[in-house]
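Hi everyone, thanks for coming. Please have a look at the structure on the screen, and then I'll walk you through a few places inside it.

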Amino acid sequence: MYRVWNFITTYSVLLISGALIALIWANIDADSYHYFVEYPIWFNDLIGLDLSYWKKSIGPEAAQFDPGGAGKVLTLHYLVNDILMALFFAIAAKEVWEAVILKDGSLRGKKAATPLVATAGGMFGPIAVYLGLAAVLGSDVYDAVSRGWAIPTATDIAFSYLVGRIVFGAGHPAVRFLLLLAIADDAAGLVILAIFYPSGELAVEWLGLSVAASAGAFFFFNWLPRRLDRGNQLRPKSTWVRQKLSFWPYAIAGAISWFGFAQSGLHPALGLLPIVPAIPHADRAFGIFAEAEKYLHDLLNEMEHALQWPVEIILFFFGLLNAGVTFNAIGEATWLVLAGLIIGKPLGILLFGWVAATVLRLGLPEGMRIIDLIVIGFVAAIGFTVSLFVASVAFEGGPTQDAAKMGALFSFGAVFLSLWAGKLFRVEKQIA
């Protein structure tokens with residue numbers, strides 16, 4: 001539990017602190033909170049919000065700022081959500097990439113088949129419940145909230161993993177099943193964000209810049225030095241590149257890739273994803289939360305270790321700038337997001353997991369029961385971080401966005417439902 005708690009403190013405690021401060025601030029003085037969130041840092045023509053949209057967001061106070069001839073404005077909210085959160089998504093992508101590509105990766109082979117099918121259920125179930133209930137509430141509600149269908153598909157890896165260990169015990173096979181599901185869910189969430197939630201009009205030709213940056217970094221600073229060192233155990237070329245250039249070629253390529261995403265219309269927070277596969281990585285995976293990972297000295301792991309504190313601070317500001325909703329913002333979107341998570345997740349994971357284990361005969365890990373899939377579903381219903389992010393891009397700022405964010409915050413109630421389900425279905429804890 002020490003390793004898990006260390007991860008939670010690294011990536012979640014400051015996030016929750018920022019969210020709580022935002023909730024209190026927004027309910028005491030909403031005007032000053034939103035003024036802080038949309039405060040202009042820099043006027044420019046390259047990146048940021050369109051000036052007309054920003055003026056509408058900040059209100060009459062926009063008149064006191066002189067943008068000159070600039071057409072865009074960089075706000076604190078844009079800086080965190082669209083630029084700095086790219087580092088958070090890069091870390092998530094790193095875990096997914098290692099799980100898929102490396103020897104012993106957790107998403108490779110038959111062992112991952114049932115969790116992957118259950119992941120599909122954990123996404124289709126929430127979507128069906130969200131859109132189905134929205135349709136029942138009438139066409140006006142459906143039209144207002146339908147764009148938020150992806151919000152309840154998210155699973156917060158860190159909190160779900162912690163709660164899963166509390167419910168099942170560290171040695172229960174359901175914990176590994178849950179972790180595989182959560183990693184696959186993150187991978188699917190990145191794809192959904194890229195395809196269904198562009199930040200503007202698509203100009204896919206700009207993605208060529210991102211692809212070129214990734215390919216160039218891989219060829220000149222990864223593949224070519226290793227090729228030149230072939231047959232030489234001392235690896236002088238690779239060693240020189242690693243010692244003299246370090247992470248800088250990939251940081252520069254990442255900045256170019258991010259700019260390509262920003263100009264292409266895809267959400268720029270995903271802009272570092274093409275660079276992750278280009279970075280030299282370990283030969284085999286030890287798994288997320290594995291103690292051994294902190295002793296690995298491949299460049300990809302070293303970069304992740306170096307980003308620990310910056311990402312922790314970024315997540316604090318993410319919570320501060322996105323969770324500031326007033327309690328009177330609770331509306332239809334709140335209950336739809338919550339229903340999608342706490343009803344759609346367990347039902348979808350149970351149904352698809354049962355089909356995979358019995359109909360497709362893929363089986364379950366030894367010591368795990370079909371009924372455990374319901375408990376896993378409740379644990380996976382903790383959306384929080386990614387749900388908040390999707391809510392912020394699915395809707396423009398306003399009552400619907402605030403109501404959807406409140407549903408993401410309320411998903412913490414799944415913790416208590418998970419504990420209740422564990423007792424109801426008589427889960428026997430297994431200690432590692």
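Let's start with the lining of the second largest cavity in this predicted model. Its residues divide into ten nonpolar, three polar and two charged. That makes a lining of 15 residues, and Asp-185, Asp-186, Gly-189, Leu-190 and Val-386 lie nearest the centre of the cavity. The space in there is about 130 Å³. For context, searching the whole structure turns up two cavities of 30 Å³ or more.

So which helix gives the most to this lining? H9 does, with six residues. Helices H5 (76–101), H9 (173–196) and H17 (384–394) each supply at least two residues.

Now on to the nonpolar core. The largest one has 118 residues, and Met-85, Phe-89 and Tyr-197 have the most contacts inside it. Setting aside its neighbours within four places in sequence, Met-85 touches Val-80, Ala-269, Ile-314, Leu-315, Phe-318 and Phe-389.

Finally, the aromatic rings. There are 19 aromatic pairs in the structure. One is Phe-88 with Phe-89: the ring centres are 5.4 Å apart and the planes stand at 70°, so this pair counts as edge-to-face. Are these two residues buried or exposed? Phe-88 is buried at 17% relative accessible area, and Phe-89 is buried too, at 2%. Phe-316 and Phe-317 also pair edge-to-face, with 5.3 Å from centre to centre and 80° between the planes. Phe-317 is partly exposed, with a relative accessible area of 31%.

How values were computed: Residues numbered from 1 in each chain as written. Predicted model: local features only at pLDDT ≥ 70, side-chain atom pairs only at ≥ 80, totals over all residues. Heavy atoms only, no water. 1 Å grid on protein atoms, 1.4 Å probe; cavity = no way out; pocket = protein on both sides within 12 Å on 5 of 7 lines; lining within 4 Å. Points joined across faces, edges and corners; volume = space filled by probe spheres on them. Helix = DSSP H or I, 4+ residues; strand = E, 2+ residues; numbered from the N terminus. Nonpolar A, V, L, I, M, F, W, Y, C, P; charged D, E, K, R; others polar. Core = buried A, V, L, I, M, F, W, Y, C linked by side-chain atoms within 4.5 Å. Buried < 20%, exposed > 50% of the residue type's maximum accessible area, 1.4 Å probe, protein only. Contact = heavy atoms within 4.5 Å. Phe/Tyr/Trp six-rings, centres within 6.5 Å; stacked < 30°, edge-to-face > 60°.
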